[in-house]
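Okay, thanks for coming, everyone. Let me put the model up on the screen, and then we'll walk around it together.

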Amino acid sequence: MSSKFTTREADFPRWYQEVVAAGDLAENAPVRGCMVIKPHGYALWENIRDRLDQMFKETGHVNAYFPLFIPKSFIDKEADHVEGFAPEVAVVTHAGGKQLEEPLVVRPTSETIIGHMYAKWIQSHRDLPVLINQWANVVRWEMRPRLFLRTTEFLWQEGHTAHATAEEAEAETLQMLEVYARLAEDYLAIPVRKGIKSRMETFPGALRTYCIEGLMQDGKALQMGTSHNLGQNFAKAFDIQFQDTDGQRKHVFTTSWGVSTRLVGAVIMAHGDDRGIVLPPRVAPVQAVLVPIFRKPEERDAVLAAARRAIDGLKAAGVRAKLDDREQLKPGPKFFEWEKKGVPVRLEMGPRDLKDNQVVMVRRDQEGKNAVSLDVLTETVLKTLEDVQSSLFERALERRDAMTNKAASMGEFEEILDGTGGFVEALTDGTDESEKAVKDNTKATIRIVLEDGDVGGECMVTGKPATRRALFARAY
RNA sequence: CGGGGUGUAGCGCAGCCUGGUUAGCGCGCUUGACUGGGGGUCAAGAGGUCGGAAGUUCGAAUCUUCUCACCCCGACCA
């Protein structure tokens, strides 16, 4: 019954690695920083992807695909963009057995190539808005890779839209932030803080960056999605213009927004326990697993027949249910395996249960076992899945709130960070210098700016009158 | 790029300092039997260019030199 994992409390990063491996989600590839996403991990990503894709379609977006290779000169066209991405870009200099005329960048993100295409596609206000998303892999050379959280190659989606007015672009940016927040909270059961990034944390080339920030169990923040209002920066760099109703040629306003396979890491770090991964039912590839128990052949036949009926009932009700009828494994090892994989509900069915017309049900998020009559199995499982979903969210919310504090001075600020960690709300004078000083001294960064302007009080760094209220945290 | 470390079976390691028969251990794997309501037991097996190269030696996983790879700690990021 005891766990073999390093506990979260003892060493969170190590716990994370062990749990990812034990849950059979992914492993490191021969190339440093790259990962192989295994079937169970990929199924998890597919569920996130499918739900998001549906949400994008519901908000009027369509999918397209842009190429992996981008002429290096494209990246150079937007000054902030080059500077921001230069250190992590992979460049192809040779191909076809010779040196290339112009090096090709392996996309770290696709604003530039998409901007180039939009310049061709957009002529008139009648062509707007353009609402395109793409599912793709991108490469950003990483020095400190961590499975799912930070990998050199990762899977993501990037939405790229173009609009006639600044207002429309801003509305789009905020709308997609909302979509991300809903995905995180309703689907991944992770409460998030929504907000705007400081200038220092803004996407290279963007006017404004909004984001959702989750808090992990170790008190560190995780950026779970970003939505950028790019203003006319890329429109000007790539000359994306349209003729408006007034006859004038104008630059469009663009946005971009993305979430990645990092979300899989978020789910693990937000909900996992010392026995392994715990998956919210809505994303779980397997929501309920049934482990049959028997000794003699006649027991086997009876149990398996009843088990198949139960599974069929669950599947008919839309539950992603699985019968684990592998005969080479005893029930015990199966229990541990599914537990490590995070399956929300486990059912055990043996001869004793058959006699009583019941199964034994175990919730992944709780201790203990309960008997459930076969007559009400399907509705009980459905209800339990909903319960697990909401209690995971509630638990994460309580943890988050308990780890959100205010600091009035640097002393208090550091005390909180070194104690419980988590989000710390504090006042600063809003300068890059103060923000940098906090980062250098405490490793905490501004996750979101809560308010700029007349906030009262004084800057915790300089003591000058404060002009900004922000949420800080140490982050992944 | 600066500092520290590791390469021996699929994985994790011992052996090296102090050279000496067929290079071991745990887990995993294969076959079989007994087992089966929370990680079972027994038996029999398979699996190795000891990272690579050169050298010292009668003899090298072990000593020397070179080389390659990877990992950890310090500057960025969805």
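So, to start: how many bridges join E9 to E10? Five, and the two strands run antiparallel. Strands here are DSSP E runs of at least two residues, helices are H or I runs of at least four, and both are numbered from the N terminus. Two strands count as paired if DSSP finds at least two bridges between them.

Quick housekeeping before I go on. This is a predicted model, where local features need pLDDT of at least 70 and side-chain atom pairs count only at pLDDT 80 or more, while totals for chains, interfaces and linings use all residues. Residues are numbered from 1 along each chain as its sequence is written, chains are lettered from A and ligands numbered from 1 in the order in which they are written, and side-chain values use heavy atoms, with hydrogens and water left out.

Back to E10, residues 208–215. E10 and E11 make a hairpin with five residues between them, and Gly219 in the turn has a positive phi of about 90°. Buried means under 20% relative accessible area, exposed means over 50%, and partly exposed is in between, with a 1.4 Å probe and protein chains only.

Now the open sheet of five strands. The order is E16-E15-E17-E18-E19, and the pairing is mixed. At the edges you have E16 (321–323) and E19 (370–373), each pairing on one side only. Neighbouring strands are turned by 30° against each other on average, direction ignored. E15 (residues 288–292) and E16 run parallel, joined by three bridges, with Leu290 opposite Leu323 in E16.

Two helices lie across this sheet. H12 (residues 377–402) lies across E15, E17, E18 (358–363) and E19, and runs at about 5° to E18. Those angles run from 0 to 180 degrees between N-to-C directions, using axes fitted to C-alpha atoms, for helices over the stretch in contact. Contact means heavy atoms within 4.5 Å.

Let's stay with H9. Its 20 residues reach 28 Å from first C-alpha to last, close to the 28 Å expected at 1.5 Å a residue; that expected span is 1.5 Å times one less than the number of residues. Its buried residues include Glu299, Val303, Leu304 and Leu314. The buried residues of H9 pack against E15, E16, E17, H11 (351–355) and H12. Just after H9, Gly318 takes a positive phi of about 90°.

Next, the RNA. Which residues are closest to RNA strand B? Met143, Gln223, Arg346, Arg352 and Asp353, out of 35 that surround it. A residue is near a strand if one of its heavy atoms lies within 4 Å of it. H10 gives the largest share of that nearby surface, six residues, and E11, H10 (331–341), E17 and H11 each supply at least two. Of the RNA atoms within 4 Å of the protein, 36% belong to sugar or phosphate and the rest to bases.

Now some atom distances. A base oxygen of RNA strand B is 2.7 Å from a polar backbone atom of Arg352, and a base nitrogen is 3.0 Å from one of Thr151. For Asp353, an N or O atom in the side chain is 2.3 Å from a base nitrogen.

Most residues other than glycine have a negative phi, and most peptide bonds are trans. Leu128 and Pro129, though, are joined by a cis bond, with omega about -5°, and Pro129 lies in the loop between H5 (111–121) and E7 (130–139). Ala189 has a positive phi, near 60°, in the loop between H6 (166–187) and E9 (192–196). Asp239 has a positive phi too, near 55°. Buried or partly exposed, that Asp239? It's partly exposed, at 43% relative accessibility, whereas Ala189 is buried at 0%.

Notes
Polar contact = N/O pair within 3.5 Å; in protein donor to acceptor, adjacent residues only side chain to side chain.
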